[in-house]
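Here are my notes on the model you asked about. Please keep the structure open while you read, and check each point against it.

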Amino acid sequence: ALAPDGHPALFDLLKHVTSSSGKRIRPAITLLASRFHPNTGELPIIMAAAVELLHLASLVHDDTVDNSSVRRGVATVSSLWGRDVAVQLGDYVFATSAVFVCDTNNIRVIRRFSETIKDLATGELIEGFGTFQWDHTYEQYKERIYSKTASLFRTAAESGAILSGATEKSIQALSKYGYSLGMAFQIVDDILDFDGTQEEVGKPVGHDLLQGVLTLPSMLLLQRYPDNNPVIPLFRGEEPEGNSHKALEMI
């Protein structure tokens, strides 16, 4: 349904990004949030599909920017087809997700979805311009992970409630729930980048540190060892990348 007829190459690309066994937690949140008020379920299903497509599009772009070779244990689009194809495919899936949202005919949901796309881009820009800087505050970290991750969780929950016809009180409660769950989800993901394994995470661990991205575990390490830590020398380029395991061990 995502690929127009007569375009087998595009079909293969879409099959590749949609067939991996992701958690699909975001569309599940949309559907669960819609169950707090009686409804036919048609619009929440459309919105759940849009939410998952937006997430997939953001992953394709993220992997391309980060030069990642593996996602969920599967080769990334950019590693198989090249960066140009990956960027164009990400744009295609982004646009398709927007079409799905428009099919809800709900201007509030359409606006929230558009704000989420902006949030995702903002988070990536903030992260990109802040690489290899070790003086970020906790507030800056929270702002970044909200834009990158929690914004979409919030939208998943909020839109499900709106499209089910829930009361404003329920909509706001579920919106806050989505925000909190998304923040916790990203913090756990950042911890797993230090403490997990590639089999658990589905991608190489220690990736953020090597990319110069300061996450909560790194910030805690800097607080605990302000005068003797491997993060600052690594970010300065004074230590080889192979020494990044020191930070993982010290946490």
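**Notes on the model**

1. Start with a contact between two helices. On the α2 side, the residues that take part are Ile 25, Arg 26, Ile 29, Thr 30 and Ala 33. On the α7 side they meet Leu 152, Phe 153, Ala 156, Ala 157, Ser 159, Gly 160, Ala 161 and Ser 164. By class, this contact of α2 with α7 has eight nonpolar residues, four polar ones and one charged one.

2. Keep in mind that this is a predicted model. It contains 13 helices and two strands. The protein has 251 residues, and 45% of them count as buried. Take the contacts with a separation of 6 or more: 68% of these join residues 24 or more positions apart.

3. Now the geometry of that first pair. Helix α2 covers residues 25-33, and helix α7 covers residues 138-164. They pack at an angle of about 30°, and their axes are 7 Å apart. Angles under 35 degrees count as roughly parallel, so α2 is roughly parallel to α7. The crossing of these two helices is right-handed.

4. Look along α7 itself. How many of its residues are buried? The count is 20 of 27, so α7 is largely enclosed by the rest of the structure. The helix also has a kink of about 55°, centred on Tyr 146. After α7 comes Gly 165, which has a positive phi, near 85°.

5. The next partner of α7 is helix α8, residues 168-195. The angle between α7 and α8 is about 140°, with the axes 7 Å apart. The two helices are therefore oblique to each other. Their crossing is right-handed.

6. Which residues make the contact of α7 with α8? From α7 they include Tyr 141, Ile 145, Tyr 146, Thr 149, Phe 153 and Ile 162. From α8 they include Ile 171, Leu 174, Gly 178, Tyr 179, Phe 185 and Asp 190. The contact has 15 nonpolar, five polar and four charged residues.

7. Turn to His 61, in helix α3, residues 42-65. His 61 and Val 87 are 26 residues apart in sequence. In space, their C-alpha atoms are 6.1 Å apart. Leaving out residues up to four places away in sequence, His 61 touches Ala 86, Val 87, Gly 90, Asp 91 and Phe 94.

8. Check the backbone at two loop residues. Most residues other than glycine have a negative phi. Arg 24 is not a glycine, yet its phi is positive, about 55°. Arg 24 lies in the loop between α1 (8-18) and α2. Is Arg 24 buried, partly exposed or exposed? Its relative accessibility is 40%, so Arg 24 counts as partly exposed.

9. The second one is Asn 105. This residue also has a positive phi of about 55°, although it is not a glycine. Asn 105 is in the loop between α5 (83-102) and α6 (107-129). Its relative accessibility is 70%, and exposed means over 50%, so Asn 105 counts as exposed.

Key: Residues are numbered from 1 along each chain as its sequence is written. This is a predicted model: local features need pLDDT of at least 70, side-chain atom pairs count only at pLDDT 80 or more; totals for chains, interfaces and linings use all residues. Side-chain values use heavy atoms; hydrogens and water are left out. Axes are lines fitted to C-alpha atoms, for helices over the stretch in contact, and angles run from 0 to 180 degrees between N-to-C directions. Helices (H or I, at least four residues) and strands (E, at least two) are DSSP runs, numbered from the N terminus. Angles under 35 degrees count as roughly parallel, over 145 as roughly antiparallel, 65 to 115 as roughly perpendicular and the rest as oblique. A crossing is left-handed if the near helix is turned anticlockwise from the far one by less than a right angle, and right-handed if clockwise. Contact means heavy atoms within 4.5 Å. Ala, Val, Leu, Ile, Met, Phe, Trp, Tyr, Cys and Pro count as nonpolar, Asp, Glu, Lys and Arg as charged, and the others, Gly among them, as polar. The bend at a residue is the angle between axes fitted to the seven residues ending there and the seven starting there. Buried means under 20% relative accessible area, exposed over 50%, partly exposed in between (1.4 Å probe, protein chains only).
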